[in-house]
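Me: I would like to go through this model and ask what each label rests on. Please set the values against the cut-offs.

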Amino acid sequence: MTRRLFGSSTPAAAPTQVLGLPHQRLAHRLTRAAVVAAGLALVSAGVALNVFLYFSARSAILDDMMVQARAVADNSAPAVLFDDNTAATDTLATLTSLRSVTSAYLFDEHGELIAFYRPKLGGGEVDPPLSVHIAARTTGSRVTGRHIYVTQPVLHQGKLIGRLAMAVSLRTLHQRTLAFAGVTALSTLGALCLAYLFALGVRRDIHRTEARLDELAYVDAVTGLYNRHAAGEHMRELVSRRQPFGVMMLDLDDFKHVNDTLGHASGDLLLRTIADRLRKSFEGRGQVFRLGGDEFMSIFALPADESGLDRIGQESIRVLREPVRLGADELFVRGSAGMSSFPSDGADWSELLRSADAAMYAAKASGKNVYAIFKAEMLHRSQLRLTLDSELRHAIARGELRLYYQPVVALDNGKILGAEALVRWEHPKRGLIGPADFIAAAEESGLVVELGQWVLAEAARQVAQWHAEGHENFYVAVNVSGRQIKRGILQRQVRHALEQSGAEPSWLEIEITEHSLVEDLQANLDSLASLREMGMRMAIDDFGTGLSSLSYLKRLPLNKLKIDRSFVRELPEQRDDVAIATAVISMARALGLMVVAEGVETVEQRDALLSMGCDYAQGYLFSRPVPASEMQRLLQEEREAVLRSAAPAPV
């Protein structure tokens, strides 16, 4: 938007003649009158010009501020939605370049202050005039003699989730107007020149502000990618032209832990690295956007063949596999992606986004670090998850949970050494439900603590029974949540399970993922160390998919590392996976740790891992997860086989 301010004043010259003294006096009077009249005209013109310039500039500032407020409100929506004070503060900090902004406040829908920005005033209280404007709970602006106040709603999917209030000082505008008026009074020509220069200055300020607003409105400041606003406009345009296209939503798994452990500077560097990789991956066939946080989106031309979407998904996940160097730390990043296409998966851009989002969460539910192409049942599964969340609260009390066991075997001889306990839900109407459909809901609701207590108690009871039946040196591994480790909850749950079952601590193995550890590393290390002192086994699960930092790995009281199935799936064909698996096994041996490979499904995978020096494995090649009765049968068959092999040959 460009505005031009014009002003002009052209005084007329009246000739005078000397006609004698009386006439001279009259002429002088007429001249003085003409001068006065001209002066009054100039003063009037100057006043009119000043008034015109003042209100025009103030209107321009108001318009620009409304645009700025909308842009900041849009960018603040994720922070308000997740009550993220840090992200909200960072968003408001983008106002630093606008010196006239004296304060900005971000409130939730209940009027509670989330974050504020006040570069010129101290303290944390809201300016009284701004407070009154906010209290009105209106959207719009109010102008006073000294300030302009704007309130802008923060929306998420059309729903009000908060408000942004901003104040701009008019002091600079007042100073310029007074200076211009003074110069006008001293010199008409100077006043006109200064007015012109002032108009140019205002116009330049407006141009700079508009350029900055365009950048804030369409470009992500961290990665340089186009943002959510630009992505929405691009999709709406494609939909209006009925042009087929694909959408991919990609979310970095556990990105929050990078910010929490390495700092936001490292987090921003990681985002820029991933953004650059994705940009290169889609170069020539699509556009990459950053939607906010750790979420990216790409809009691309649909491939000609049906397998094209699979190739795009594989390439997008593959670009994340290369390690990212952040100073002294090397991170292995993983992400989950979901894809949808227009018009088959949505009639408009909002439906298309919902479909891609459902596919992305389906990918997360299937184990993360994978991609998924949208299918209609994914939306049904998302709705089903909401229903299961409420029903899960009654499942433990009703005795609907079951433990299945997947054997862990020695790769060199196939002997069963232990088993991993995996929870299942025997739903009265929906049948057997796997953990992928309810564990995430349990984590979000906090029920995972109660669920984890039941799993520990049941696993301890079962392993005690197997030891009583003669299956010595057999252990059961139990997955625990980061919520259980915090505040000493896990120690209390373990002691209770051991006391109730009579099991020994060494018969149980605690498995925890990397990202659960780093939320509060020191406290978690202390909790795990106390369990290790009790004699329990410790294993880190899904190794290689989190931070994978040696700086904390060497401090953990571990017995074992478990290689994530994503690094086993393409062995031995995928050279990168071979290199990663070999490096993990070598590192574990150097640290005196045993290694278990997850997800072994083929003989070729088993042989490759064995040649690398891997100790143990679990997967469908050996056995699927089975109920306790079936696990008992497998153990009995193995013991009978051992007895037969040890029996003396008949004479």
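Me: Where does A93 lie, and why is A93 called partly exposed?
Reply: A93 sits in the loop between α2 and β1 of this predicted model. Its relative accessible area is 36%. Buried requires under 20% and exposed requires over 50%, so A93 falls in between and is partly exposed. Along the chain, A93 and A104 are 11 residues apart, and their C-alpha atoms are separated by 9.5 Å.

Me: Which residues of helix α2 are buried, and what puts them on the same side of α2?
Reply: In α2, residues 85–92, the buried ones are A88, T91 and L92. Around the axis they cover an arc of only 95 degrees, which is why they are placed on the same side of α2. As background, an α-helix has 3.6 residues a turn, so residues three or four places apart point the same way.

Me: What makes D84 a cap of the N-terminal end of α2?
Reply: A side-chain oxygen of D84 lies 3.2 Å from the backbone nitrogen of T86. A polar contact needs N or O atoms within 3.5 Å, so this pair qualifies, and D84 caps that end of the helix.

Me: Why is T172 called partly exposed?
Reply: T172, in helix α4 (residues 171–186), has 43% relative accessibility. T172 and S100 are 72 residues apart in sequence, and their C-alpha atoms are 7.7 Å apart in space.

Me: What makes strand β17 mostly covered, and which strands pair with β17?
Reply: Four of the five residues of β17 (475–479) are buried. Strand β15 (residues 416–427) runs parallel to β17 and is joined to it by four bridges, with G418 opposite Y475. Strand β18 (residues 508–513) also pairs with β17 in the parallel sense, over four bridges. There, I510 is the bridge partner of V478.

Me: How many residues of the protein chain reach a pLDDT of 70 or more, and where is the pLDDT below 50?
Reply: The mean pLDDT is 80, and 82% of the residues reach 70 or more. Residues 30–37 are below 50, and this stretch has four contacts beyond near neighbours in sequence. Residues 122–126 are also below 50, with 11 such contacts in the model. Where pLDDT is low, the predicted coordinates should not be read in detail.

Methods
Residues are numbered from 1 along each chain as its sequence is written. Side-chain values use heavy atoms; hydrogens and water are left out. Buried means under 20% relative accessible area, exposed over 50%, partly exposed in between (1.4 Å probe, protein chains only). Helices (H or I, at least four residues) and strands (E, at least two) are DSSP runs, numbered from the N terminus. The arc is that of the directions from the helix axis to the C-beta atoms. A polar contact is a pair of N or O atoms within 3.5 Å; within protein, one must be able to donate a hydrogen and the other to accept it, and residues adjacent in sequence count only if both atoms are side-chain atoms. Two strands pair if DSSP finds at least two bridges between them. pLDDT is the predictor's confidence in each residue, from 0 to 100. Contact means heavy atoms within 4.5 Å.
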